[in-house]
Amino acid sequence: MGCSVGLHAIDLAKQLLQVHHDSYALIVSTESITDHFYNGNDRSKSIVNCFFRVGGAAILLTNHPSDHHNSKYQLLHTVHTNTSSSDRYYNCIFREEDNEGIAGISINKDLIAAAIATIKPNITTVGHLILPLKEKLFYLIHCIFRKLYPAAEIQPYIPNYRNAVNHFLPHVGGKPVLDQLQKSVRFSDADMEPSRMTLYRYGNTSSSSIWYELAYLEAKGRVKIGDRVWKIAFGSGFKCRSVIWRAMKTVDHDDSNPWAGEIDEFPVSLEDCDGPNPIYFEPLKLNILSYHIAQMCTT
């Protein structure tokens, strides 16, 4: 599906359920490296063979009023940005044939620049939607002073998103991207734990990775009623999607959780990490009834 398309599917399901009332939507989010395995000699296309791993998740959503009390999460916001109009960013991840006619996916050095250029406006838009008034005022005042006193070289103000969400789950694209995101939104190492542990344990399972992260939080018993969960995924195009959920209840332990049986072994040290229930959408109630992670990954 592509790294960010799992959340695009959530938005598509939301729009479909706006039209079809008292209905259900099933999303199957998966990564299968078989179709994209590259067996040629171009090193730039061999990265994908080592980078991705097989994984999958199935998510059940509904707008049926009777399922409101059975649901886990409630959909609050979806935000989409893309920079596909830029040839530089569009081509940073691109499927093409090599000199021998073997198709493969090339990843070039513009990837990090494309990610930053696409994710930054997405985070800004999310801030407008979820940040408390106090944070918005601080940001506005800071911008005014920077314009009035440019010689002072005042550093940009980074809002404290921790005041608006309880859990931050970015796509596990890789350690450098997670490091940059953590710096951009000022989340602590503890906040980034689900993402880093998912990258360590399951690798990059593309569009399904954010569901492994959510499963980590649930296995740890950290999702409480009323908690807000911010998921953000990004990938080729270049595109970025954010989804904000609210927990409808405190999530109990689930034996089908992919982390069951080993969650007590996590978190591991950071050094080792290097080498859904009704969702609400005005005026429509959209619910994640449940989701299931396919335990398809191996250590």
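To start with, what percentage of the 299 residues of the chain count as buried?

Modeller: Keep in mind that this is a predicted model. Of the chain's 299 residues, 49% count as buried. The accessible surface comes to about 14,600 Å², and carbon and sulfur atoms account for 54% of that. In secondary structure you have 8 helices and 11 strands.

Now the core. The largest nonpolar core has 27 residues, and the ones touching the most other members are Ile119, Ile123, Tyr161, Phe187, Trp230, Ile232 and Phe234. At least two residues each come from strand 3 (73-82), helix 4 (111-130), helix 6 (175-185), strand 7 (228-235) and strand 8 (239-247). Helix 4 gives the largest share, with 6 residues.

Setting aside neighbours within four places in sequence, tryptophan 230 is in contact with Ile123 and Val126, with Tyr161, Val165, His167, Phe168 and Leu169, with Val185 and Phe187, and with Ser242, Val243 and Ile244.

The crossing is right-handed. On the helix 6 side the contact is made by Lys175, Leu178, Asp179 and Gln182, while helix 7 brings Asp189, Met192, Ser195, Arg196 and Leu199.

Next, the loops, where the backbone does a few things you'll want to check. Between strand 7 and strand 8 sits phenylalanine 238, joined to glycine 237 by a cis peptide bond with omega about -5 degrees. A cis bond also joins phenylalanine 266 and proline 267, with omega about 5 degrees; proline 267 is in the loop between strand 8 and strand 9 (280-281).

Glutamate 153 has phi near 50 degrees and is in the loop between helix 5 (133-148) and strand 6 (167-170). Serine 206 has a positive phi of about 60 degrees and lies in the loop between helix 7 and helix 8 (209-219). As for cover, glutamate 153 is exposed, because its relative accessibility is 64% and the cut-off for exposed is over 50%. Serine 206 has a relative accessible area of 1%, so it counts as buried.

Conventions
Residues numbered from 1 in each chain as written. Predicted model: local features only at pLDDT ≥ 70, side-chain atom pairs only at ≥ 80, totals over all residues. Heavy atoms only, no water. Core = buried A, V, L, I, M, F, W, Y, C linked by side-chain atoms within 4.5 Å. Buried < 20%, exposed > 50% of the residue type's maximum accessible area, 1.4 Å probe, protein only. Helix = DSSP H or I, 4+ residues; strand = E, 2+ residues; numbered from the N terminus. Contact = heavy atoms within 4.5 Å. Areas by Shrake-Rupley, 256 points an atom, 1.4 Å probe, with all protein chains shown as cover. Left-handed = near helix turned anticlockwise from the far one by under 90°.
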